[in-house]
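Hi,

Here is the structure I promised to pass on. Have a look at it first, and then read my notes below.

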Amino acid sequence: MPQDTSPPVLGSYTGRIEGSGGTRLVVYEASGMQPGTECGRIEDWVVEHGAALTGLLDTVGAVLVRDCVHSPEQLSEVARHVGGELLSYTERSTPRSAVSGGVYTSTEYPASETITQHNESAYASVFPHRLFFACFRSAETGGETPLADVREVTRRLPSDLLDRFRKLGIAYHRSYREGMGLTWQETFQTEDRAEVERYCAERGIDLTWTDYGLRTLQCGPALVTDPGTGEECWFNQAHLFHVSNLPAATREALGELFPEEEMPRNATYGDGSPISDEEMDRVREAFGACTYAFPWQRGDLMVVNNLLQSHGRRPYTGERRTLVAMTGQVTVARRADGAAVFDGPVLADRA
């Protein structure tokens, strides 16, 4: 969608563009109706206007529909209509709880903590195409789910940094210990070591069983090209995994306990060479410069193209309940010229 084009009116919902710093969001509200007023089944509206919504997700990257989803079952049905079969949350990096039928709680971190901008499961070999966030209780203060368009993030990063990351890629290092983040049993959702070994072998994850649990190493690209827009996207979680993402006191304490290769999480270049704190700071600055957030309202549904838009969470006070469903498995393929490209059945008609 061109920058100056208004989104189409879809049935009884009128759209507008919001955003800042190069990140845009399409917002739909029921025309001339008070919040909470019945405006037909949102599931029927989604089915009728699915093609238009998909087009907006493939260009702008995120759509917010106000006052439309009011139960986990409704969230599940809407997600299925838009994105197909709901995905399970596997190869976990943060704590979540299953609610029902492919619907999960959002990341269960303490309310005082910020969740850094990230593309869902960008560290993994398989990741979701679309994310469906629904607000069932908004916080008293804060608790927004900010967005940042990773195409804009890429444009804000210096060329020498991009060249380095493009050439070397990212190595994600994880050590699983009881009491230090997720255990390997929680991450892989099994107690069977042989099943973990099969899973890792199928996805090119190096693993080592240790006296404290498990250590894994997984490599991936730093930049991936979207087949629809043709734009290269900063698509990784290096800045989130890197030890510089820890509070200084926590990093120092962990550094006294473990060698760097056995920290709970860390990121290096794909060849094992260290990524500097200064490089990660540049990445965080780029995300910060193009982050856009809005206040949640009960009943809100936000659908995000995970390939184009990152998300996070701001600290909050009071009670907050946001649920999420995920659809569309995507992988990364290598073109003849060596470039990494998003790949998968849901993208076949966009290449």
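Buried here means under 20% relative accessible area, with exposed over 50% and partly exposed in between (1.4 Å probe, protein chains only). Strands (E, at least two residues) and helices (H or I, at least four) are DSSP runs, numbered from the N terminus.

Before going on: this is a predicted model, where local features need pLDDT of at least 70 and side-chain atom pairs count only at pLDDT 80 or more, while totals for chains, interfaces and linings use all residues. Residues are numbered from 1 along each chain as its sequence is written, and side-chain values use heavy atoms, leaving out hydrogens and water.

Back to β15: five bridges join it to strand β10 (residues 170–176), and the two run antiparallel. Two strands pair if DSSP finds at least two bridges between them. Thr 268 in β15 is the bridge partner of Ala 171.

There's also an open sheet of four strands, in the order β6-β18-β9-β16, paired antiparallel. Its edge strands, β6 (115–118) and β16 (291–292), each pair on one side only. Across from His 118 you'll find His 311 in β18.

Finally, the largest nonpolar core has 28 residues, and Tyr 28 and Trp 45 have the most contacts inside it. Such a core is a set of buried Ala, Val, Leu, Ile, Met, Phe, Trp, Tyr and Cys residues joined through side-chain atoms within 4.5 Å. Its largest share, four residues, comes from α3.

Cheers
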